[in-house]
Structure formats: structure tokens, C-alpha cells
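Please read them with the sequence and the structure side by side.

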Amino acid sequence: MKALRWHGKHDIRCDNVADPIIEHPRDAIIKMSACAICGSDLHLFDGFMPGMKSGDIMGHEFMGEVVEVGAENKALKKGDRVVVPFTITCGECDQCKRGNFSVCERTNRNKDAADKMFGHTTAGLFGYSHLTGGYPGGQAEYVRVPFADSTHVKVPDELTDEQVLFLGDIFPTGWQAAVQCDIEPTDTVAIWGAGPVGQMTIRSALLLGAKQVICIDRVPERLAMARAGGAITIDFENESVVERLNELTQGKGPEKCIDAVGMESHATRSIDAMYDRVKQAVMLETDRPHVLREMIYVCRPGGVLSIPGVYGGLIDKIPFGASLNKGLTWRMGQTHVKRWTDDLLRRIREGQIDPSFVITHTASLEDGPGLYKTFREKQDGCIKVVLKPGAPS
Amino acid sequence: MSDVAERSRAVPRGPTPARMARGLGWFSLALGAAELLMPRQVARACGMRVDPALVRWYGVREIASGIGILTARDPRPWLWARTAGDVLDMATLATATRPHADGTRTGVALLNVAAVTAADVWCATQYRPEARQPQRDYSARSGLPDAPERLRGAARKDFRMPRDMRIPAALRPWRDGKPVQSDE
């Protein structure tokens, strides 16, 4: 089969590899109908996530048809149409039972490495380094889904792939980011980043009733899409984020701040962003936390910081004193995808939202390596790439 | 290759005044740090024996220019400041005399500074602080079935907030001296 494989920094190739096979009775093999390139794939592409090995198959946003099922998997059958959550869940451990699916205790097969890195393991993830299990990802024609009897979302035929594909990651990620802010109708919610997760977060915050949703970015196409979703936008290239947020909140700052950027913030014109670039270049810091610093600074005392953006390791010069003195609440984590999918699938079916709005580029798997670069450089108005294995290149 | 991939490849790449300005900014920072931390070695590389304090001051000047270029909305004044610094560097190199200077090294250093000066001048004259123009129009892509304003709060009527996602009551909005208990 064909698959997009990581061969090093900025080196993704479409290779021929062996088809996956059932390895455990709970497994299933999925024939891909659609997969996507996620913003967090760019952290791997840019070489910022530790634990990748040359030849690893990329991708954690995908869906398709079940073509093979393990003997003990009674939840799925051949022909089922499923979206696969990016967090692999056993459904049986203490964390899964609590709904904390992203910290499933049993699905990371490289638990020892994760224990050393994080203190305690988190869930296994598709195509996201050997620290999270080293599972082959879904930017391929076929994928083996471990713990497939728990790790799936069945989707009805009447909805298109484009409408449901993002149930596997970015839609529930944006939703959880807004939910964990505990939005009140009097709240101003400021969202850094108008990428795919930021776009989903904007719609989620709006539907959950925020009085005012503000989005901060610099890419004109992304800002236009944010405005279409009901956000007031701030172009940080041309405006002062702090001044504008204070203007929009009568000088008090937003009650809820959401970091939909993560470890690779592209802040310009700030000393701290330059400091991060230098420290990252000499390997004294893994992540660039400009957005976190700015959120702490502008957030209203007693407010909430919600962090769906991915951080990988070590950050520096966080004004924690300001956070403590302002009594800020921090909420973060990988998404507990399955916790939200039933509700969000219902909302899509009822027409409350159609997540396909975010797709800007659809192409074949073979075109994937080039589109990684386009997506990274934010060129050609690229916001979200969907790849269709089997489509003509 | 699909249309999408074709179009993506057609996007022009390569040096632009903006990229060049960023590069010069980082170059300034690196050179400034070297002059500040290793003044004797930098002077020796240029074939000169001068007071290290002078080289350190030049380092501070370089760092200031670098920060200015990288942080200003319009870097052109800082690029001209760099150019003025280049002239000062060239004057310092040109006035270095034996027995305190190595003519060959000083000559090479002068050529290097002249090349960087040319880059500074090109960048300062070519740079245009134009806002990036959108390549595509997504202003109608809401993903919502109605105007956003009409859908504000639409999910509240049937969404049950999980208890573990609630923030403490004391941090929720207050009205008339009591916390607002919305959607409880």
C-alpha cells in the first residue's frame, strides 16, 4: 500500500509499504476513504517532537471502511463506516471509565518511555512518535486500529466524509477547548490561532454562548474565515494584541483565553519570541511559548486559560508569578475525543454546524508531501488539507 | 499532479526584502553577541588590535539594530541604522594602521563589511511594508446554517456541562452579590 512516511525533518515521502495485518483480536483494519494533515503533524514535520524514527507512517485524522476485524472485536463488522479518534482508548481502564480518554493507561505500548518522559504514561496515539506507542498513522491506504472495539466512531451514510472526518480530532479538540473554559453568556473568549483548531474553537465558543469571541492571527485568509464564524479578529502583525483586547473588554481583559497555537508560535516583533528562537536553535528550549505568556498577561484576574495547542517538552520564562497573583485557572490536555463525539455527531446531523467549511485543499495521497510544505508555509490560502487515498494524483 | 498540488507549487519562493531583513536582523544579533562576548577574538579575526571595550560597544550597537529590525513593524529605519554602523565599521577598519593591524585580514574584513552594507542598502530601499493580500476569499465560510449572531448560545439549550469542566463558583460571574448559576 501507499503511505506518507517521515524520513526526517521536512522530509515526508509517499512510499510503498507492506499492508497492515491484524495483530490482536481486538484490532480492525480500515481502508481509508479520507485523511487529513493536522497542525500538530507539522510539529513532527519540523522535527520538534522527540521519539520519531525514519520510516514512521504519519497521520492521526482519518476515516474509512472496516475491511477486517479481529476475533474478539464484537463492536465492529466488515463494511462499517468509521471515523477513528486520534487517541487510542481501551475503554476499560480507570481513566477511560472516567472519560479521560486521552490519558488511557493501557494503550501506549511504549509505556516505559512515556513514564520516563512525562512521569506517567498517556494514551497511545496514531502516527505521533514512539513516545505515544509508535503506532503507524492513517495517512495511508490502510491502517491497523488497535483496541478498535473501543477506538472508533460509527458514522451514518447520509453524511459525507468531509462532514464527519474532523470528529476524529480537530472538531472535538476545538469543542473541548471551549467547554473547559466553562463559558458564561457574559464572557469574552480570546482565541490565539485561526488554524483549523482555532476555527473549530471559534464556532464552539459561539455556540456555547460567549458574548464576544476574539481571534488573533496574522494570515488574511484565516482571519476572514474567523470573521465568517462570528469572531472579531486581531491581526497581530498590524495591531497591538494587548491594546486591542483591552479596548474590547473595557480595559479588564478577556475572561477566557484559548491557546490554539501551541509549541511553534510565530510571533514577530517581540523580544520574547526572538529569545525563544535563539534558545530553540541551541537546543536549550523545545517549545516557543509566546502565546502562553501573552495569555497570562492579558487574561482577566480569576480567568481561565485553556490550552488545546500541543506542547512537547520544555518551555522557559513563563510569568508564573502573574498567573498566581491573578488566580488564573489552567485547563489543558490532549482531547478526550470519545467523550464528545456522540454529541458533536448529533449536532452535525441536525445541521447546527458543518465542519467541512474548513477544508481548503483536497488532493491525493501522492500529493501529500508537497501539501505538507504548502500547509506549513500557509501558502495558497491553505488552512486544511484532506487527502483521498486512491484519488487520481 | 492534481490542480491543488500544481497551484501550491506555483507559489513563488526565494529571497524577498522581508526575508532578507529578517536574515540581517538575526545576523546582527549573532555578530553583536560575538563582539560582546569575544571582543579580542573578533578584533583578531579582523586583523586588528583595538581596545576590547570599543568592540563591545559595537556589539551592543549590532544587537540593538538586530532587535530593532526583528521587532519593528517597519524595519527600514533600523536597516539604515545598520548601514550607518557598517560605515563606522569600515572607517574603523580603514584607519587601522601597522604595526597594530594585519593588512590582509583587515582587507578581507573590509570586503565582508562592504558586501553586508550592499545587502543592507538593497533591503532598506526595496522593503515595502505592504499588508499580505489574501490569495483566496473565505469570508463566506462560516460552517453555520445561519448568521453567527443568531446562533450565539444555540448549543447551551441541550449541552450538559460535565462537572469536571466547571470552574469554581467563586470564579464564575456574579450578579447581585451571588454567583450566577446558569445552566445548573
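1. Into which domains is chain A divided? In this predicted model, chain A is split into domain 1, made up of 2-169 + 336-388, and domain 2, which covers 171-332.

2. As to how the two domains are placed, the C-alpha centres of domain 1 and domain 2 of chain A are 25 Å apart, and the contact between them involves 22 residues of domain 1 and 21 residues of domain 2 of chain A.

3. On the side of domain 1 of chain A that touches domain 2 of chain A, helix H12 (residues 337-349) of chain A gives the largest share, with four residues. Sorted by class, that side of domain 1 of chain A holds 11 nonpolar residues, together with seven polar and four charged ones.

4. Chain A also has an open sheet of three strands, in the order S2-S1-S4 and with antiparallel pairing. Its edge strands are S2 (12-16) and S4 (56-57) of chain A, each of which pairs on one side only.

5. Looking at one pairing in that sheet, strand S1 (residues 2-6) of chain A runs antiparallel to S2(A) and is joined to S2(A) by five bridges.

6. Finally, which helix lies across S1 and S2 of chain A? Helix H13 (residues 368-377) of chain A does so, running at about 165° to S2(A).

Note on methods
Residues are numbered from 1 along each chain as its sequence is written. Chains are lettered from A and ligands numbered from 1 in the order in which they are written. This is a predicted model: local features need pLDDT of at least 70, side-chain atom pairs count only at pLDDT 80 or more; totals for chains, interfaces and linings use all residues. Domain bounds come from an automatic or database domain assignment. Two residues are in contact if their C-beta atoms, placed from the backbone, lie within 7 Å. Helices (H or I, at least four residues) and strands (E, at least two) are DSSP runs, numbered from the N terminus. Ala, Val, Leu, Ile, Met, Phe, Trp, Tyr, Cys and Pro count as nonpolar, Asp, Glu, Lys and Arg as charged, and the others, Gly among them, as polar. Two strands pair if DSSP finds at least two bridges between them. Axes are lines fitted to C-alpha atoms, for helices over the stretch in contact, and angles run from 0 to 180 degrees between N-to-C directions.
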